[in-house]
Amino acid sequence: MTTMEGDMKTDWDIIIIGGGTAGLSAAQYGARANLRTLLIEEMAPGGLTLIISDLENYPGFPEPIQGFELAQRFTEQAEKFGAEIMSATVTSIDKQKDHFTVEASDKKLTAYTVILATGAQHRKLEIPGEEDFSGKGVSYCATCDGPLFKNKKLLVVGGGDAACDEAMFLSKITDKVTLVHRRDRFRAQPSLAQRVQANNHIEVRFNHEIKEIKGDTQVRSAVLYNNHEDSTYEEEFDAVFVFIGSIPQTALVPDAEKDEIGYIITDQCMRTSIPGLYAVGDVRNTPFRQIVVGAGDGAVASHCAAQYIDELKGQSYD
Ligand code: NAP
């Protein structure tokens, strides 16, 4: 199929960019509404859900489910309803009059609507040693790298849900987890923060900042700064796990309106400031970054995209 400029015939009704659980949910709802739905993902479908070990808060699963298994179920369900999944890297999105052109791995694909589900990437500490020891003891994924450090002395940095969740995971691998957070209280949900503080495999140090990571072929120590006492000291660690938030991946849509942090602003229909462009999941300015929220976003976006396409066709053909 090719674009026929003027009569608005596009390759797809919806192109979804990003195959995390928000994108996969959008794909399922789009395909199920009988829309020609393509999802483009450069890695394996599932996104960050793939690396979550025990998911205990996804509704409908009273026993924890592996993130990998949940992501597989999302993918199967989207494909079952007819969504196509393409493995490619999207390099540009251009808006023409009433449709979009998406360039992916040298192919130009057109669609009436685009749903951006590109998520967010791990924020880096940007301190000496972080880059040098990345993959040599510096990690952004406890599920992936934690098992390499059984019974070792581990440092976790951050004070949000991710740092607390991952510290809990690491506390099953070793009884020597130290969690440092720059403020005097957690940002994490209180119930999770309480479990971390009650866990006798985790030592929490508030008002602590990490200033440097040192080692030889591997991480050996970290330089820590106690900002309450204004004192700096060095302590031995075998690995440093960094969970200090994320940076939304919005490079493909420089013109979409963003909030002060850089998340894409949407309305309750997931509409962005560009007509026909929707944003779902961690890339948008949602108040709560959860798989269940992203899945809900995906459903809403496809529903509203369907209405938009109907209106577009009605305006053009009637
Ligand atoms: P987050 O909520 O933004 O928390 C980031 C933490 O890192 C904050 O405590 C922040 O400190 C700290 N931080 C930021 N920059 C730092 C720096 N340069 N040096 C040291 N510390 C720094 O990020 P997140 O924990 O990755 O969570 C992201 C989203 O995913 C959240 O919406 C969260 O609710 C969700 N999530 C949920 C779950 C769950 O429900 N189980 C699990 C993981 C993530 P301040 O507190 O001082 O700002």
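Which domains does the shell around the ligand draw at least three residues from?

## Where the ligand sits

This is a predicted model. Its ligand has a shell that takes at least three residues from each of two domains: domain 1, which covers 5–121 + 246–312, and domain 2, which covers 124–242.

There are 16 residues around the ligand, and the ones that come nearest are Asp161, Asp165, Arg183, Arg187 and Gln290. If you sort the shell by residue type, you get 7 polar, 6 charged and 3 nonpolar residues.

Let's go through a few atom pairs. Aspartate 165, one of the nearest residues, has a side-chain N or O atom 2.8 Å from a nitrogen atom of the ligand. Asparagine 57 also brings in its side chain, with a polar atom 3.3 Å from a ligand oxygen. With arginine 289 it's the backbone that matters here: one of its polar backbone atoms is 3.4 Å from an oxygen atom of the ligand.

How much of the ligand's accessible area does the protein cover? On its own, the ligand has 910 Å² of accessible area, and the protein covers 75% of that.

If you want a spot to look at, leucine 155 stands opposite valine 240 in S17.

## The antiparallel sheet

Another open sheet has 3 strands in the order S14-S15-S16, and here the pairing is antiparallel. Why is one side of strand S14 and of strand S16 left without a neighbour in the sheet? Strand S14 (208–215) and strand S16 (231–236) are at the edges and have a single partner strand each, so one side of each has no neighbour in the sheet. Going from one strand to the next, the twist averages 25°.

S14 and strand S15 (residues 219–226) run antiparallel and are joined by 7 bridges.

Terms used: Residues numbered from 1 in each chain as written. Predicted model: local features only at pLDDT ≥ 70, side-chain atom pairs only at ≥ 80, totals over all residues. Heavy atoms only, no water. Near = heavy atom within 4 Å. Polar contact = N/O pair within 3.5 Å; in protein donor to acceptor, adjacent residues only side chain to side chain. Areas by Shrake-Rupley, 256 points an atom, 1.4 Å probe, with all protein chains shown as cover. Nonpolar A, V, L, I, M, F, W, Y, C, P; charged D, E, K, R; others polar. Domains from an automatic or database assignment. Pairing = 2+ DSSP bridges. Helix = DSSP H or I, 4+ residues; strand = E, 2+ residues; numbered from the N terminus. Axes fitted to C-alpha atoms, helices over the stretch in contact; angles between N-to-C directions.
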